[in-house]
Structures are given as structure tokens and as C-alpha cells.
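Subject: The structure, plus some notes

Hi,

Here is the structure I said I'd pass on. Have a look, and then see whether you read it as I do.

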Amino acid sequence: MEHNLPVNVREYQELAKKALPKMHYDYINGGAEDEYTLRENIAAYGRIMLRPRVLVDVSKIDMSTNLLGYDIPSPIIVAPTGAHKLANPEGEVATSRAAAACNTIMHIQVLSFGSSCKIQEVAASCDAIRFFQLYIYKRRDVSATLVRRAESLGFKAIVLTVDTPVLGRREADIRNKMVFPPSPNLEGLMSFNDDLGTGGGSKLERFASETLDPSLSWKDVEWLKSITSLPILLKGVVTAEDARKAVEAGVAGVIVSNHGGRQLDYAPPAIAALEEVVKAVAGAVPVLVDGGIRRGTDVFKALALGAKAVMVGRPVFYGLAARGEAGAKHVIEMLNKELELAMALCGCRSVAEVTRRHVLTEGDRF
Ligand code: FNR
């Protein structure tokens with residue numbers, strides 16, 4: 001079996017599709033409405049070409065970088081995605097171990113339908129740098145409790161997701177009447193599950209409409225800052241306008257993301273939005289990007305367009321579904337290897353040497 005290991009993310013995706021019940025695969029893989037943004041997230045990377053430099057001594061490649069003061073061996077980070085027990089019975093504990101084994105950063109999300117292991121359990125399972133992904137709920141006290149819990153467990157930053165004041169319309173989930181595993185992190189805080197009634201659509205939709213706060217505004221970023229001293233990364237910014245506001249609001253970083261095409265369909269592909277955000281932020285804080293990264297060359301392109309680091313969501317899920325912890329680890333390792341190769345073949349010995357002049361976008365002249 002081991003000699004037939006997948007050799008790229010797409011092969012892991014195929015295995016995941018075979019391994020999972022359709023409802024779960026659709027939940028992980030799917031996006032909002034026409035899934036245009038979902039497809040474009042990937043396709044847009046395909047329209048960026050590389051400009052390699054030759055005759056550079058590439059016998060040593062250093063992919064390491066520093067994010068918020070933490071040295072990491074590679075700019076590839078695991079994105080916050082929920083309900084890992086859908087992919088593997090060990091859930092987020094397996095993913096965290098996989099990420100820790102690769103020395104990358106594991107974000108634990110606690111979307112209430114989401115993280116299927118208790119964050120205490122994940123924190124205790126292995127040493128890793130962890131950021132905590134947060135939604136601001138109508139019940140601010142619940143969000144505040146989750147922040148305090150993350151602080152006391154040694155999480156290093158809060159990733160505040162702001163592209164979800166209401167839930168995107170994920171038609172596969174609605175059609176499949178998607179049911180989610182219970183959310184142990186909300187035990188005693190907010191109820192979720194059988195008391196949601198039996199209306200149409202997915203349980204996630206009903207949960208989201210009861211708990212997410214559509215009145216969310218920049219004032220809430222201020223509020224979050226007032227209750228925590230952890231650095232805050234804003235996830236879900238895709239315009240220069242919002243990037244400037246984010247810097248003014250005093251966030252420690254901006255994550256260019258359209259939620260993997262699961263929220264606003266026809267939002268720009270993440271890699272196409274990156275450069276305007278990088279320009280607007282003008283070096284004030286690090287800019288990260290996620291959505292559609294399936295190859296090391298994609299990571300290279302994101303770095304060239306100004307990202308400090310990238311996050312990968314579905315690929316890790318595919319690895320977890322196909323081969324558990326070993327699969328998640330292998331996916332991260334493969335992406336790291338592919339990035340190393342892309343850097344070598346482009347003549348870049350460190351991430352600092354990856355520049356705008358190493359890529360050709362559609363907006364550039366040939
Ligand atoms: C997500 N994503 C996400 N983001 C977030 O801030 N909170 C969340 O709870 C979730 N949940 C979630 C579940 C699943 C199954 C997926 C696939 C994604 C979005 C995620 O953090 C990230 O933005 C995208 O996954 C990036 O796109 P790729 O790498 O999946 O193409």
C-alpha cells in the first residue's frame with residue numbers, strides 16, 4: 001500500500017472522494033451557488049506564469065520565514081476548517097499532530113458546528129504554534145469566553161473571520177440536508193443540534209442564522225481588541241479599501257481570502273485580490289492568502305505577489321480523509337517539497353529572493 005502513495009494533492013482529492021460519504025465530500029469540497037469563485041481560486045493560479053532565473057547556485061534552499069515573531073520553516077500554514085472528524089475519527093487532533101510534525105502552524109477553528117475535538121484536547125495532544133479562529137456571535141459573551149479559553153491554552157493569535165456575517169449558500173449541503181457532528185467546544189455555552197427544528201436546508205444554515213451576527217462591523221474589531229492582548233489577524237479581506245481600514249483598526253495581519261469560495265460567489269479569486277491588498281497595506285502588517293493553493297508553484301506565485309505566508313484548507317482535509325494523520329502530514333510535506341523545487345528552478349534561495357519579477361500575471365505585458 002505505502003509504495004502506492006499519492007504523488008500530489010489532486011491524487012489525494014481522488015482518494016478522499018472515494019473514502020468519504022458523498023454528503024461529507026460535498027461539504028468539504030463544495031462552494032457557494034455557481035461555485036464560480038471556487039473554480040476561479042484554482043484557475044487564476046493557472047494564468048500566472050513564472051520567470052525563472054538560471055545559473056544561480058541553488059544547492060541550499062531556505063524556505064523559512066517569520067510570522068508575528070514566530071520562526072516557521074516554511075510559509076505554508078494549515079487553514080482553519082471545521083469538522084475534521086468527518087474525514088477521520090481522530091479529527092483535529094490528527095491534523096494538529098500532522099502540522100506539528102511539519103513544524104507549521106495549525107489553526108484551530110471553533111466554528112460551533114465545526115471543530116469536532118475539544119480545543120483543550122487538541123492543545124494537549126502535541127506542541128505546536130496555534131492560532132485561534134473566531135466568529136463573533138450574536139452572543140458576544142460566547143465569543144469572549146472562547147477567546148479567553150484560547151488565551152489560557154496558549155494560542156498565539158486570533159484569526160477573526162469577517163467574510164461570514166451571514167452564511168453563503170452552499171447548495172450541495174442544502175440538497176444533501178447536511179448534518180454536522182456535535183460541537184464539543186460550545187458545550188455549556190450555546191446549544192447546537194437537535195433543538196434546531198426540522199426546517200428545510202442544512203443544519204449549518206439554521207445554526208448560522210441563529211448564531212452569526214449580521215450586524216458585525218469595524219466596531220467589533222475594536223471590541224475584540226479591547227478584550228484580548230493577542231494579535232488579531234483579519235481573515236476575509238479582498239479589497240484595498242478594507243485592507244486600509246484593517247490597518248487603521250490596528251490588526252496584526254490581513255488574510256486575503258474568499259473562504260475557499262464558500263461565501264460570496266463571484267468574489268475575486270484570492271490570488272487576483274492579493275496584490276491590491278499588499279499595495280494598500282504597504283508593509284504595515286503581514287498579508288497572507290488562502291484559496292486554491294494545490295501546488296508548490298501556487299505558493300511561490302503568492303509569495304511573489306507579496307504574501308508573507310499562505311494557508312491551505314481542502315488539501316489537508318483530503319490527506320486526512322485518505323490516510324488520517326499520515327495523509328495530512330504527507331500533503332503538507334509534498335507542498336513544502338514542491339515549493340522548494342519551484343524556488344530552486346526559479347533561482348531563489350530564500351523566500352526573500354522571491355520577487356514580483358519572478359511572475360507574469362495577466363495584467364503584465366509579455
Ligand atoms: C473552511 N473555511 C473556514 N474558514 C473559517 O474562517 N472558519 C471556518 O470555520 C471554516 N470552515 C471551513 C470548512 C471547510 C470544509 C473548508 C473547505 C473551508 C475556509 C478556510 O479557512 C480557507 O479559507 C479555505 O479552505 C481556503 O481554500 P482552499 O485551500 O480550501 O482552496
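Below are my notes on one strand and on two annotated residues.

Keep in mind that this is a predicted model. I started with strand 7 (157-161). Five of its five residues are buried, so strand 7 is largely enclosed by the rest of the structure. Both of its faces are covered: Ile158 and Leu160 are buried on one side, and Ala157, Val159 and Thr161 on the other.

As for its partners, strand 7 pairs in the parallel sense with strand 6 (residues 129-134) over four bridges. To get from strand 6 to strand 7 the chain goes through helix 6 (residues 140-152), and this β-α-β crossover is right-handed. Strand 8 (residues 232-237) also pairs with strand 7 in the parallel sense, over four bridges. Ile158 is a handy landmark: Phe132 stands opposite Ile158, and in strand 8 the bridge partner of Ile158 is Ile232.

Now the annotation. The unreviewed UniProt entry has a "binding site" covering Tyr27, Tyr135, Arg170, His259 and Arg262. I looked at two of these.

- Arg170 is in the loop between strand 7 and helix 7 (171-176). Because 26 other C-beta atoms lie within 10 Å, Arg170 counts as buried. Beyond its neighbours within four places in sequence, Arg170 contacts Gly30, Gly31, Ala32 and Arg262.
- His259 is in the loop between strand 9 (253-256) and helix 11 (270-281). His259 is buried too, with 24 other C-beta atoms within 10 Å. Setting aside neighbours within four places in sequence, its contacts are Asp163, Thr164 and Gly236.

Cheers

Key
Residues are numbered from 1 along each chain as its sequence is written. This is a predicted model: local features need pLDDT of at least 70, side-chain atom pairs count only at pLDDT 80 or more; totals for chains, interfaces and linings use all residues. UniProt positions are given in the numbering used here, feature names are shortened, and annotations may be inferred rather than shown by experiment. A residue is buried if 20 or more other C-beta atoms lie within 10 Å of its own, exposed if 12 or fewer, and partly exposed in between; C-beta atoms are placed from the backbone. Two residues are in contact if their C-beta atoms, placed from the backbone, lie within 7 Å. Two strands pair if DSSP finds at least two bridges between them. A crossover is right-handed if, with the strands pointing away from the viewer, the path from the first strand over the helix to the second runs clockwise.
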